Amino acid sequence: MFDQILQFLLTGITVGSTYALVGLGFAIIYNASDVVNFSQGEFVMIGAMSAVALTAGDTGLPLWVAAIAAVLITMLVGMALQRFAIAPARGASVVTTIIITIGASIFLRGIALLVWGKDLFPLPSFSGDEPIQIGNATILPQSLWVMGGAALLVFGAQYFFNHTTLGKAILACSCNKTAAHLVGINVSIMLLVAYGLSAALGAMAGILVAPITFTSYDTGVMLGLKGFSAAILGGMGNPMGAVAGGLLLGLIESLAAGLISSGYKDAIGFIILLLVLFFRPSGLFGKASVDRV
Amino acid sequence: MRRLGGFYLLAVAVAALPFIFPDNYFVTVVGVSAGLHAILAVSLNLLMGYAGQISLGHAAFFGMGAYTSAILTTRYGWNPWPTILVGLAFTGVIAYIVARPILKLKGHYLAMATLGLGIIVHIVIVQMGWLTGGPDGLGSIPTLSLFGWTVDTDLRWYAVIGTLLMLVIWLALNLIDSRSGRALRALHGSEVAAEMMGIDTAATKTGVFVLAALIASLAGSVFAHQQAFVSPGSFDFFFSIELVTMVVLGGMASTYGAVLGAIILTFLPELLVVFEDYEVMIFGAILMGMMIFLPQGLFIGFQDLLRKFTHRRAVTKKEESSHGVA
């Protein structure tokens, strides 16, 4: 029994690390522009699919070159999204921006469908497929890559926002755009950087996890929703809350799948999310919101 | 009389269409699903457009009605009519139970909670295969019949759903201009202000949530009998999103706008079929473009354009006349 639980925990943390990265991307964009970006999952898909495409065939690039190129491609997509879809609709209501980003996600998925078709593609593992024994549980080397990569990226993001000028400038924009503008920060460039950063996080999550889960043009849908759940669970606008929310969601789902039923695992995740919202309407780590009257 | 002018116009148009285009696929087949979508959009608009409560899970209530009718008629041999009532009762109770805790939430949290609700219902439908047929769905659902008049042709379904749509629109128009409708619009503006005026905002929100769910359930039951087949795909997250898009596309807080949005979004995929592989991409691009350039919706956007146009004409006329005096 204990071994089983350990196995579920390991799986949960692996899945949760992906959710955490997508949730973190959600939080960064939400903080910078007050937009709930429903195309966040598409960044994950584009990252993974581009990496697959670039490594494929006889003329394929080495994995690490392909990975870097895929991240750069996704960053461009993220910045284009900001520049051509979000920026022109400045001042639109919450619902309108939600539908714009949903439209963007359908659009990106449509392009992926056109370019890559409906097939499921694998990405080669970074360092072999020999399972590692931990007690009586096993773990794939790729899972370690996912966990380690996610941890590195989360701490990297933390450092970026707290200790670099660029990161602080983005934070300043999310606090008060006018004030940031007045102290000489170019707000529209900061918004572009925030979207690019968020897209890069999504792409890296996609590349890290693609060797385990494989990837296809529609893998972004559920991942995007999970990332949104993670961000809400942690309290919208709290990046580290989103990371914690993602890990928690991954663990809940993995335990629910193992101990209750794998068919209902997503439902159980959402039920727990609803219960959290009913009792703590601003998420686990969110500050209670105060309405301006 | 003047208030319902648009209503009579629409009723005449709905009634006249099958006479102008008899046996037209776009009228009797696509038109029927446009009608069902319009009923759903009008109900969601009560909640979203007027009360200002976003819901990304409206398809769940549509599915509850459809599956109640489908299960009771095919598995237990019920007559279709009482199954519609059971569906209404079931959906109403569920909606009433979840309404209060869900509607306490605001903004993105409300969006997430309704989205979660929709996904949970969808998963339950897929997983409870012994009852719902799982991913394969349920087939051979009997059609409706009344006093020997069986609804068995596309044209008859057009008549039934057209009538139902006009009833729902009439209900929505009257509700909005009633005391409760004004309370709804007040809490959309500011919940605190509405409460100061003595409006029980929690009860009002619950009421409109349950009403919207009931209309969706009714549409679901009718859908099940009309299609004779239901499967989980018709009630998933994407359909909820489509419904929200219909409301926003037509123009929030406008019943006719919701109808217009439903008609456009039903016909769009039919027209995009010629583009085959590009269909998904074009659909996404249109959705994005419309929301970027016409965020207040088509119906209101047109009205504004029209007003600007007539206003400009009035202004130039005035200028001309003042020039005349000088």
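One definition before we start: axes are lines fitted to C-alpha atoms, for helices over the stretch in contact, and angles run from 0 to 180 degrees between N-to-C directions. Now some housekeeping. This is a predicted model, where local features need pLDDT of at least 70 and side-chain atom pairs count only at pLDDT 80 or more, while totals for chains, interfaces and linings use all residues. Residues are numbered from 1 along each chain as its sequence is written, and chains are lettered from A and ligands numbered from 1 in the order in which they are written.

Start with a helix pair. Two packed helices are described by the angle between their axes and the distance between the axes. Take helix α3 of chain B, residues 30-50, and α12(B): their axes cross at roughly 75 degrees and come within 9 Å. So α3(B) is roughly perpendicular to α12(B). That label covers 65 to 115 degrees; under 35 is roughly parallel, over 145 roughly antiparallel, and the rest oblique. Helices here are DSSP runs of H or I with at least four residues, strands are runs of E with at least two, and both are numbered from the N terminus.

Who makes the contact? On α3(B), the residues are B:His37, B:Leu40, B:Ala41, B:Leu44, B:Asn45, B:Met48 and B:Gly49. On α12(B), they are B:Leu243, B:Val244, B:Met246 and B:Val247. Contact means C-beta atoms, placed from the backbone, within 7 Å.

Zoom out to the whole of chain B. It has 15 helices and 2 strands. Its radius of gyration is 21 Å, close to the 20 Å that the globule rule gives for 326 residues, so chain B is as compact as a globular protein of that length. The radius is taken over C-alpha atoms, and the rule is 2.2 Å times the number of residues to the power 0.38. Of the 326 residues, 47% count as buried. Buried means 20 or more other C-beta atoms within 10 Å of the residue's own, exposed means 12 or fewer, and partly exposed is in between, again with C-beta atoms placed from the backbone.

Next, the interface. Chain B gives 34 residues to the contact and chain A gives 38. On the side of chain B, the elements giving two or more residues are α6 (107-127), α12 (237-250) and α14 (279-293). The largest share, 13 residues, comes from α6(B). By class, the side of chain B has 26 nonpolar, 6 polar and 2 charged residues.

Over to chain A, and helix α3(A), residues 63-86. Its 24 residues should span 34 Å, at 1.5 Å a residue, and the end C-alpha atoms are 33 Å apart, which agrees. The expected span is 1.5 Å times one less than the number of residues. Its buried residues include A:Ala66, A:Val71, A:Met75 and A:Leu81. What covers them? The cover includes α1, α2, α4 and α8 of chain A, together with α14 of chain B.

A:Asp34 is not a glycine, yet has a positive phi of about 60 degrees. A:Asp34 sits in the loop between α1 and α2 of chain A. B:Ser140 also has a positive phi, near 40 degrees. B:Ser140 is exposed, with 9 C-beta neighbours inside 10 Å.

Notes. Two residues are in contact if their C-beta atoms, placed from the backbone, lie within 7 Å. Ala, Val, Leu, Ile, Met, Phe, Trp, Tyr, Cys and Pro count as nonpolar, Asp, Glu, Lys and Arg as charged, and the others, Gly among them, as polar.
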